[in-house]
Amino acid sequence: MKLLYTIIATLVVLFIITFSLANTTEVPIRYYDFINVSVEAYLLIFISFGVGIILAGFMGIVERLRLARE
């Protein structure tokens with residue numbers, strides 16, 4: 001079973017590396033005059049994915065606390 005987890009983790013890491021190397025185009029992020037930044041496309045996608053995971057985790061925690069009170 002440990003071998004299967006190692007193989008899956010290796011495949012995920014290889015996917016992340018190849019995805020990052022294929023998406024190095026600069027993407028400008030502008031929000032009126034407050035923010036004017038250029039970020040690589042893969043970094044923008046990974047940050048968005050990470051923020052989504054964190055928000056979903058917080059929502060799960062809130063739901064557990066609500067159910068524990070009932």
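Helices (H or I, at least four residues) and strands (E, at least two) are DSSP runs, numbered from the N terminus. This is a predicted model, in which local features need pLDDT of at least 70 and side-chain atom pairs count only at pLDDT 80 or more, while totals for chains, interfaces and linings use all residues. Residues are numbered from 1 along each chain as its sequence is written, and side-chain values use heavy atoms, leaving out hydrogens and water.

**View 1. The elements of the chain.** Welcome to the chain, which has two helices and two strands. Starting at the N terminus, their order is α-β-β-α.

**View 2. The outline of the chain.** Along the principal axes, the C-alpha atoms fill a box of roughly 45 × 45 × 10 Å. The radius of gyration, taken over C-alpha atoms, is 18 Å, whereas a compact globule of 70 residues would have one near 11 Å; that globule rule is 2.2 Å times the number of residues to the power 0.38.

**View 3. Tyr31 and Tyr32 side by side in an aromatic pair.** The structure holds five aromatic pairs, where rings of Phe, Tyr and Trp (its six-membered ring) pair if their centres lie within 6.5 Å, and planes under 30 degrees apart count as stacked, over 60 as edge-to-face and the rest as tilted. Tyr31 and Tyr32 are edge-to-face, at 5.0 Å centre to centre with 75 degrees between the planes. Tyr31 is partly exposed at a relative accessible area of 49%, and Tyr32 is exposed at 67% (buried is under 20%, exposed over 50%, partly exposed in between, with a 1.4 Å probe and protein chains only).

**View 4. An aromatic cluster.** Here Phe15, Phe19, Tyr42 and Phe46 form one cluster.
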